[in-house]
Amino acid sequence: MESAGVFVGQLLRFAWLQTRCCVFAAALLGGMAASTLLPPLPVARYDLLLVYGVLLTGAGLLLGWETRRELAVVAVCHLLGLAFELVKVRVGAWSYPEPALTKVAGVPLYGGFMYAAVGSYVCRSWRLMRLTMSGYRARATAVLAVGLYGNFLSHHWLPDLRWPLGALLLAVTAGAWVHFGIGERRYRMPLGLAFTLIGFFLWLAENIATYLGAWTYPYQAHGWEPVSVSKWASWALLISVTFVISAFDAGTDTGTGTGTGTGGATRRAAAPGTPGAAA
């Protein structure tokens with residue numbers, strides 16, 4: 001058992017690591033907040049946020065927030081997020097009410113950066129916390145992640161299978177552990193719990209983003225209201241998509257489902273640099 005002093009020290013180190021992992025997301029939310037304070041400009045706010053997102057991505061690469069390989073993962077998350085947004089806005093799940101030149105089918109192109117921020121968090125966590133896996137059933141988890149992503153798009157026309165798919169995801173991730181390092185000590189957490197905790201903090205971030213006018217749900221049209229708690233569950237399921245992409249890039253063992261994936265984690269730890277919504 002750790003002493004109280006050691007426990008508090010490790011908890012503070014964990015909080016600092018998590019802060020570093022969230023640097024892109026925090027900077028993006030900070031830019032959104034700052035944009036609400038700007039005086040009237042001839043350029044639309046959504047267009048400014050797109051430019052800001054591009055500059056932030058470039059700065060992140062130069063400052064070592066992401067490696068080039070991680071940037072590719074972040075870009076995939078960005079594109080998947082934009083595709084997600086195009087469908088959701090089309091069916092009226094939420095909207096972007098402000099005008100912009102860089103809107104496609106009602107979706108401003110900056111919208112993909114919110115999903116990119118999630119990808120950045122997962123990639124940086126993998127590297128900074130020296131993640132490894134045990135009991136990870138990579139192929140089965142990937143199949144269910146693809147199914148969940150597709151279901152969140154198709155449930156507006158087809159039966160909603162998120163809960164059966166979610167139950168299968170719980171079954172597949174049972175016995176899967178995420179191993180992470182804080183200083184010289186190693187800890188582990190059930191993969192399903194990791195999805196749940198990340199989903200909760202994404203739900204909190206979504207509340208902040210909608211308060212800042214990043215997008216608007218129909219029930220927020222006449223004034224901001226907290227985002228439904230059900231979105232927590234949606235994020236907890238959707239994070240599996242980002243995790244699968246990042247795990248594949250990290251080289252996690254996909255052979256037996258019981259490998260630790262230490263090769264990918266070691267590569268990330270040695271890499272240079274310091275180091276969105278479902279309806």
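Student: Which residues does T173 touch, not counting residues up to four places away in sequence?

Tutor: T173 touches R137, T141, L191, G192 and F195 once residues up to four places away in sequence are left out, where contact means heavy atoms within 4.5 Å. Before we go on, note that this is a predicted model, in which local features need pLDDT of at least 70 and side-chain atom pairs count only at pLDDT 80 or more, while totals for chains, interfaces and linings use all residues. Residues are numbered from 1 along each chain as its sequence is written, and side-chain values use heavy atoms, with hydrogens and water left out.

Student: Why is T173 called buried?

Tutor: T173 has a relative accessibility of 5%, and buried means under 20% relative accessible area, with exposed over 50% and partly exposed in between (1.4 Å probe, protein chains only). T173 therefore counts as buried. The residue is found in helix 7, residues 162-173, helices being DSSP runs of H or I with at least four residues and strands runs of E with at least two, numbered from the N terminus.

Student: What makes R45 and E98 a salt bridge?

Tutor: The closest N and O atoms of R45 and E98 are 2.7 Å apart, and a salt bridge is a side-chain nitrogen of Lys or Arg within 4 Å of a carboxyl oxygen of Asp or Glu, so the pair qualifies as a salt bridge. R45 lies in helix 3 (residues 45-63) and E98 in the loop between helix 4 (68-90) and strand 1 (103-104), so the pair ties together parts that are 53 residues apart in sequence. By this rule the count comes to 3 salt bridges.

Student: Why is R45 called buried but E98 partly exposed?

Tutor: R45 has 13% relative accessibility and therefore counts as buried, whereas E98, at 24% relative accessibility, counts as partly exposed.

Student: How do you know that E70 forms a salt bridge with R127, and what does the pair tie together?

Tutor: The closest N and O atoms of E70 and R127 are 2.8 Å apart, which is within the limit for a salt bridge. E70 lies in helix 4 and R127 in helix 5 (residues 112-128), so the pair ties together parts that are 57 residues apart in sequence. E70 is buried, with a relative accessible area of 0%, and R127 counts as buried at 3% relative accessibility.

Student: What makes R162 and D160 a salt bridge, and is each residue buried or partly exposed?

Tutor: The closest N and O atoms of R162 and D160 are 2.9 Å apart, and this value again lies within the limit. R162 counts as buried at 9% relative accessibility, while D160 counts as partly exposed at 35%.

Student: Why are helix 5 and helix 9 called oblique to each other?

Tutor: Helix 5 and helix 9 (residues 230-250) pack at an angle of about 55°, with their axes 10 Å apart; the axes are lines fitted to C-alpha atoms, for helices over the stretch in contact, and angles run from 0 to 180 degrees between N-to-C directions. Angles under 35 degrees count as roughly parallel, over 145 as roughly antiparallel, 65 to 115 as roughly perpendicular and the rest as oblique. Helix 5 and helix 9 are therefore oblique to each other.

Student: Which residues meet where helix 5 contacts helix 9?

Tutor: Y115, V118, G119, V122, C123 and W126 in helix 5 meet W235, I239, T242, F243, S246, A247 and A250 in helix 9. By class, this contact has 10 nonpolar, 3 polar and no charged residues, where Ala, Val, Leu, Ile, Met, Phe, Trp, Tyr, Cys and Pro count as nonpolar, Asp, Glu, Lys and Arg as charged, and the others, Gly among them, as polar.

Student: Why is T242 called buried, and which residues does T242 touch?

Tutor: T242, which is found in helix 9, has 10% relative accessibility and therefore counts as buried. Leaving out residues up to four places away in sequence, T242 touches C77, V118, G119 and V122.

Student: What makes helix 7 oblique to helix 9?

Tutor: Helix 7 and helix 9 pack at an angle of about 55°, with their axes 11 Å apart, and that angle makes helix 7 oblique to helix 9.
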